Amino acid sequence: MKKMTTLAKALTFVLATGFTSFTLVQAQSRPGSETSVKDFPKVSATSAMGNFSASFSGRDITSDFLANHLGELLGTGSDHSYRFLKKNKDELGIIHSVYEHYYKGVKVMDDMILLHEKDGRLIYVNGEIITDINLAPKQQPTLQKIRTVILSDLQPKGKVTISNIEEVITKVNNGRKASLYHTSKVEALSVKPLKAYTYYIDNVSGKVVKKISRVHDADTPSQSATYYKGTQSITVDSYNSQYRLKDNARNIHTRNGTNLDIDTVNGGIISVEEYISPEANYTADDTKPAVEVHWGMKNAYDYYMTRHNRNSFDGNGAQIDNYYNFDFGGFTGGANAAALDTPLYGGIVCMLYGNGTLFGGIFTITNPVVGIDVAGHEYSHLIIGRNGLGGLNYEGESGAINESIADMLGTAIEFYSGSNPNWTIGEGIPTSSILNPSPSPYMRSMSDPNNVDPGPQPDTYNGTHWASTDNPSEDNDRGGVHTNSGVGNYWFYLLSQGGSGTNDIGNAYNVTGITIEKAEKIIYRALHQYMTPNTTYLDAYNATKQAVTDLYGASSNEQQQNVKAWYGVGIGDGVLAVKETIRAEDSFRIYPNPVKNGVFTIENNKNNTSFEMYDMSGRLIKTAQKLGKGTNKVNIGNTHKGIYLVKITSEGSAAITKKIIVE
């Protein structure tokens, strides 16, 4: 066995019971190996506060060996020592060890070295450490002097609690470098006003060189009043002796967007204000909409974390920013909600909510646009855009599916909350106005898309209320993205709850619901594994079929109900045994369209094909007639002017529907 080269240094360990120490034994090498400090990689420093990293990949060095030679890696002498703090193994089998840094036996605050090891070998080391220290221990100020300094800073009106004193070396960031002080570390709490800090008091001058708030980022349980859902549990945090709508555990921040602006120089959002309450429980009328947003986003975060194991919209815990009282301008004004997601100005991601008024409150056209399903809808847009496949383009059918999935998951969030969930979107938001004296009590209906005023939606592909997807622009809602989403919404409702009837193109359907919990898993998987930017409804049909196959099996009851639900909204034939042709519509052509003089042509290249014709209410106006292969002239001379649906059925293919205009 070859002898390992070492420098035989002592490493002192701190035990939970105090500063009892022992010397670490020399690390042993494996047969045939020889490890030297010459094998250490270069350490890269990244900040004035001592942040660093070093890659050990491929160097065949153990964490035990490095633990004996941290001084050689980091360039510190005999005045420095490192004490083991903790070790854990994660789900990938990587072992993480943490060491703290001491100088002449005094702890250097925030200095720690992190060792990451897999399969017995180091792969990475990082942390922060200040190596250029030249301090001599000083006599600590007396407890009475420390108390005087703290009371002067707190200006309390009641009892103050002060902890024991800990001697530490403190780093203070002065920009290009860190200044070091030999200090007394003390925790202090004032009840009135509520203030809590960690103080670092210089042992030489007796002055506070650094203090860290223990209240600013502290989450506080709150029972606060929402606008639509009564009193709900939220989390706020203390802020300048009061409370704001910030949930640090979930990284959610809700603020006032009245004067919101974009910093075009440094990037980001500016000119926003906190919603402040003197008590943890928000009860004032003017904060109810903002509280509703905050509560809704809490449920949205928890839903995605619990049901889909997704930490924030990006999957990495990004901050969730909400701004209520934002004026969108134009004729929508404050009667809107939106998710802003742009890479401009450094990348801005947030949710914006209006108060329902126009022109600074002169006209009220809705109640505040802040319902839980609305918040969940906007949040879901951010997740849809991060499906890993390029998101769904916000126009035409892909845009309608984008909107529909946001509604599906927003509704799933409302059901997850357990607070009187339902199958409508934005209930309570519409209100009587000059523009619409008797609106529906909700913005959209998942269970009955047709039954909304204003803004009825189709429940059938190319059926009643279907909007043209041709030439999408701002003038036609980008090709009906907010209208045609009704088709996907009704599919999701049928799959979750079940239902029966005859749709606009004559399909008689009967679906047994499989529960919303299963339906949401299906659409989430379809979105993240199979949907590309220009997904159509037929693509969505195939994507959900594959998702169901993955989750429950190709011939499962869940799959049977899935295809039946799609048949209910006019896509597919509702039978698993028949192979649907994705581009079946390419086999037919109808012209001229618009139809003039009561005659049009259907070109057909399939056998055993027939067609029917319906008006936009779903009433059959031309019974089934066979189509020959080739050109077929159709006479509808007695038909009134208007929009009609032609349903073409062919053996071995999904039924398709084409819209025609009769002039």
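Biologist: What share of the contacts in the protein with a separation of 6 or more comes from residues 24 or more positions apart?
Modeller: The model is a predicted one, and its 663 residues include 49% that are buried. Among contacts with a separation of 6 or more, the part that joins residues 24 or more positions apart comes to 58%.

Biologist: How many helices and strands are there in the protein?
Modeller: The elements discussed below include helix α6, which spans residues 396-417, and strand β32, which spans residues 609-615. For the protein as a whole, the count is 11 helices and 36 strands.

Biologist: What does the protein average in pLDDT, and where does pLDDT stay under 50?
Modeller: The average pLDDT of the protein is 84, and 87% of the residues score at least 70. One stretch under 50 has 22 contacts beyond four places in sequence, and this is residues 215-219. Another stretch under 50, for which the model has 55 such contacts, is residues 1-33.

Biologist: How are α5 and α6 oriented to each other, and which residues of α5 make the contact?
Modeller: The axis of helix α5 (residues 372-384) comes within 7 Å of that of α6, and the two cross at roughly 130°. On the α6 side the contact includes Asn-402, Glu-403 and Ile-405, while on the α5 side it is made by Ile-372, Asp-373, Gly-376, His-377, Ser-380, His-381 and Ile-384.

Biologist: How do the residues of the contact of α5 with α6 divide by class?
Modeller: Among the residues that make this contact are Ala-406, Leu-409 and Ile-413 of α6, together with His-377 and Ser-380 of α5. Sorted by class, the residues of the contact of α5 with α6 divide into six nonpolar, seven polar and four charged.

Biologist: How are α6 and α8 oriented to each other, and what is the handedness of the crossing?
Modeller: Helix α8 covers residues 485-497, and its axis comes within 7 Å of that of α6, with a crossing angle of roughly 40°. Since angles count as roughly parallel when under 35 degrees and as roughly perpendicular from 65 to 115, α6 and α8 are oblique to each other. The handedness of their crossing is right-handed.

Biologist: Which residues in α8 meet α6, and what classes does the contact have?
Modeller: From α6, the residues taking part are Ala-400, Glu-403, Ser-404, Asp-407 and Met-408, and they meet Ser-485, Gly-488, Asn-489, Trp-491 and Phe-492 in α8. By class, the contact of α6 with α8 has four nonpolar, four polar and two charged residues.

Biologist: Is Gln-561 buried or exposed, and which residues does Gln-561 touch?
Modeller: Gln-561 belongs to helix α11, which runs over residues 557-568. Its relative accessible area is 4%, and because the limit for burial is under 20%, Gln-561 is buried. Leaving aside residues up to four places away in sequence, Gln-561 touches Leu-495, Val-511, Thr-512 and Ile-514.

Biologist: Are Asn-462 and His-465 buried or partly exposed?
Modeller: Asn-462 lies in the loop between β27 and α7 and has a phi near 60°, a positive value in a residue other than glycine. His-465 is found in the loop between β27 and α7, and its phi is positive too, at about 75°. At 12% relative accessibility Asn-462 counts as buried, whereas His-465, at 33%, counts as partly exposed.

Conventions
Residues numbered from 1 in each chain as written. Predicted model: local features only at pLDDT ≥ 70, side-chain atom pairs only at ≥ 80, totals over all residues. Heavy atoms only, no water. Helix = DSSP H or I, 4+ residues; strand = E, 2+ residues; numbered from the N terminus. Buried < 20%, exposed > 50% of the residue type's maximum accessible area, 1.4 Å probe, protein only. Contact = heavy atoms within 4.5 Å. pLDDT = per-residue confidence, 0-100. Axes fitted to C-alpha atoms, helices over the stretch in contact; angles between N-to-C directions. Parallel < 35°, antiparallel > 145°, perpendicular 65-115°, else oblique. Left-handed = near helix turned anticlockwise from the far one by under 90°. Nonpolar A, V, L, I, M, F, W, Y, C, P; charged D, E, K, R; others polar.
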